[in-house]
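Here is a short tour of one protein chain, written for someone who likes to check geometry by eye. Please keep the viewer open as you read.

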Amino acid sequence: MAFKGRVFVVGFLGLVGVACSHGRLRGEFFEKGKLGYHVIALDSAHWERVALSGNDLSFISREGGFLLALNSSCKEHGDPSLEVLVQHLLIGFTERQKLVGEKWVIDGREGLRSRYEAKMDGVARELDLFVLKKDGCVFDFTYIAPLGRGEVWRGEFERMVSEFWVRIQQ
């Protein structure tokens, strides 16, 4: 069942390029070069870590159809607004309907949380997105769920965002 869920999520997102992250997770801390950030530990009975191209960390639910992902970029992103950064996360989705857009202060910086219902390849999904700019880096968090089932793991997404903090080594 988990394999079918992985194929569905990976295929659904169009993320056919499975690749290794350029960093490593040590307990609840992800390190990538001089950048490091705190990430909550997810229950391995429910979540499986997978390597998806374009993400530092990605997890799919063992029951299938749910994805949590986190990425950071510290170069070549310019200085786009938080709204523009959210729009980048929506590329490939159609029939987008914005449900929520609100500012959250995380690790001393204001970020933007957005919730959408949207389709990809005709399949309706719920998306919960959060973007943050801090210390010259852009961080984005993504939660994707089957339509009508977003509440199942939304708490994990909110906890992942709210307990996030950054440390950059000098």
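The report below covers a sheet, a helix and a group of aromatic rings.

Please bear in mind that this is a predicted model. Let's begin with the sheet: four strands, in the order S1-S2-S3-S11, make up an open sheet with antiparallel pairing. Its edge strands are S1 and S11, each of which pairs on one side only. From one strand to the next, the twist averages 20 degrees. Strands S2 and S3 run antiparallel and are joined by four bridges. Within this pairing, Phe-30 has Tyr-37 in S3 as its bridge partner.

The elements discussed here are placed as follows:

| Element | Residues |
|---|---|
| Strand S1 | 24-26 |
| Strand S2 | 29-32 |
| Strand S3 | 35-38 |
| Helix H3 | 151-162 |
| Strand S11 | 166-168 |

Next comes helix H3. At 1.5 Å a residue, its 12 residues should span 16 Å, and the end C-alpha atoms lie 17 Å apart, which agrees. Trp-153, Arg-154, Glu-156, Phe-157, Met-160 and Val-161 are the buried residues of H3. Viewed down the helix axis, these buried residues fall within an arc of 165 degrees, so they line one face of H3.

Now for the rings: the count comes to 11 aromatic pairs. One of them joins Tyr-37 and Phe-164, a tilted pair at 5.4 Å centre to centre with 45 degrees between the planes. Tyr-37 sits in S3 and Phe-164 in the loop between H3 and S11, so this pair ties together parts 127 residues apart in sequence. Both residues, Tyr-37 and Phe-164, are buried. They also belong to one aromatic cluster with Phe-30, Trp-104, Phe-130, Phe-139 and Phe-141.

Conventions:
Residues are numbered from 1 along each chain as its sequence is written. This is a predicted model: local features need pLDDT of at least 70, side-chain atom pairs count only at pLDDT 80 or more; totals for chains, interfaces and linings use all residues. Side-chain values use heavy atoms; hydrogens and water are left out. Two strands pair if DSSP finds at least two bridges between them. Helices (H or I, at least four residues) and strands (E, at least two) are DSSP runs, numbered from the N terminus. Axes are lines fitted to C-alpha atoms, for helices over the stretch in contact, and angles run from 0 to 180 degrees between N-to-C directions. The expected span of a helix is 1.5 Å times one less than its number of residues. Buried means under 20% relative accessible area, exposed over 50%, partly exposed in between (1.4 Å probe, protein chains only). The arc is that of the directions from the helix axis to the C-beta atoms. Rings of Phe, Tyr and Trp (its six-membered ring) pair if their centres lie within 6.5 Å; planes under 30 degrees apart count as stacked, over 60 as edge-to-face and the rest as tilted.
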